[in-house]
Amino acid sequence: MGAAGTQAIPASETHVDVVIVGAGISGIGSAYHLQDQCPEKSYAILEMKDTFGGTWETHKYPGVRSDSDLYTFGYRFKPWVGAPIASAEEILKYMNEVIEENGIAQHINYGHRIVNCAFSRESNLWTVTAVRQSDNQTVVFTCNFLWMCQGYYDHENPYVPEWPGMDQYKGQFVHAQLWDPNIDYTGKKVLVIGSGATAATVIPAFAEKAEHVTMLQRSPTYFFCSENKNELADRLREIGIDEPTIHRVVRAQIMYDQDMMTRRCQEEPDAVFEELKMLVRMYAGEDFQFEPHFTPKYRVWQQRLAFCPEGDIFRAAVEGKLTPVTDTLETFTEKGVRTSSGEEIEADIIVAATGFNLSVMGNIPFEVDGEAVDWSKTVNYRGMMFTGVPNLLWVMGYFRASWTLRVDMLGDFVCNLLNHMDAKGVQRVEVALRKEDADMELLPWIESDNFNPSYLMRGLDQMPRRGSKPEWRHNQDYWRERDEIPNINLDSEEFIYDGKQASAANAA
Ligand SMILES: Cc1cc2nc3c(=O)[nH]c(=O)nc-3n(C[C@H](O)[C@H](O)[C@H](O)COP(=O)(O)OP(=O)(O)OC[C@H]3O[C@@H](n4cnc5c(N)ncnc54)[C@H](O)[C@@H]3O)c2cc1C
């Protein structure tokens, strides 16, 4: 290949106003907002895969589905008309409709892997170098603004801990992220390592056809059991309310309920856990034993709650199709694994549901004025812009609320910003710490006691810094940002246009 950062003569060079990186749910939503709110802007989406969907295309394990409801995981501009929890296939269908209904397809360049992004303050342009996978040619795009929608994890290299003895194992080992739908697990003994959202999805699906499933977890997870339906949506449909109104009202209802839930998790975590247990008992019976496999060590909501439609994982346990084991994996063996307490678990197939490798900005090398960008030396502005890196925004969604809520919100923000720059006649925007921030303590991206998914903790030192003031952190709080972000004063001191502070640029 040898394409990354090389001096190869580009096969073609295209200029657009905006390059959107990635055709996942963020990239497609951002394209919609750009077309809608900045119709004069030209743009291209560069996507390394040969199709859209991102996360929903990468993951192909049995049962793959959302654990957010689609009324809020769907975009605000496109009503969701199905059951709240959706399969990957349904999400892809929904995204495809958005692409088709809005003429987005013609802007997407599939099979374009971005290998370098360089900004020059002299030309105020990004030079985005990609390798076109069809012919391995280097292709160059220039743009004024780079809208990063590349997600947060490495789609090709999932996180597999280095366990001893893996080479001895004679069965089939696969990470859930790399699951091939052709693998036949009918009548087989399956071991799933892990207990997060992926394990919660895959285990009930395996349990339907496998001889038996074992779940080996280091520590338990919280589950939220419920029917996969929204009564308000069903009722509104029954009485003939139109779908756009249902979408708006049900979104509002869900966001209100989630806000209450988040507050309660912080204020009365024990009471919330008791309620979660009550929901489990509805499906698994009054005698269901929560100790030791279903009593987590962390505070409820410090990690995403795993959704469990109709209590499926608990029903599998009660019916004897699933055996949970809470222990650490000591070594792989020829027939399976041995745990630290000496238990031997035999399996024909071992599925690692062990999570992701964080990928900061798609692992793309970035430069500004010829100098490599070290993201860990930048300070983030509300988790979307970064000091020292002009004309760029990253869509990093929410983990507690649906990711896509932030796609819509930042879509409005970017379009306002671009329109504001046009109105001012400026070419470059960057964020910078203000005088009042001079002594501000710089901290890791996120407070580990607030929210601590393992992939983020493993990669925290690569992430941009956080300041102690609200402007300089991604607070992961949709409800607060819903009021704050639309009201950001784009002429406040932290915005620098064409090298001058907003007020000075205004006067010029
Ligand atoms: C199995 C699973 C289930 C999830 N369920 C939920 C849920 O229910 N609710 C929720 O809120 N969140 C959920 N998440 C989090 C989820 O990742 C986000 O909600 C969302 O789908 C991310 O969308 P995205 O478009 O930002 O990123 P991604 O889906 O990661 O898409 C990024 C795209 O950018 C492309 N790309 C990356 N690097 C490059 C490059 N160098 N050049 C060109 N293209 C590039 C990738 O190929 C990919 O298509 C889930 C995550 C997983 C893994």
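Two strands count as paired here if DSSP finds at least two bridges between them. Strands and helices themselves are DSSP runs numbered from the N terminus, with strands (E) needing at least two residues and helices (H or I) at least four. One thing to keep in mind: this is a predicted model, where local features need pLDDT of at least 70 and side-chain atom pairs count only at pLDDT 80 or more, while totals for chains, interfaces and linings use all residues. Residue numbers start from 1 along each chain as its sequence is written.

Let's begin with strand S16, residues 349-352. Strand S7 (residues 172-175) runs parallel to S16, joined over four bridges, and Val 174 has Val 351 as its bridge partner.

Now zoom out. Domain 1 puts 17 residues into the contact and domain 2 puts in 19, with contact meaning C-beta atoms, placed from the backbone, within 7 Å.

Finally, have a look at helices H1 (residues 25-37) and H10 (residues 403-424). Their axes come within 9 Å and cross at roughly 35 degrees; these axes are lines fitted to C-alpha atoms over the stretch in contact, with angles running from 0 to 180 degrees between N-to-C directions. Among the residues making the contact are Gly 29 and His 33 of H1, and Val 407 and Gly 411 of H10.

Terms used: Contact = placed C-beta atoms within 7 Å.
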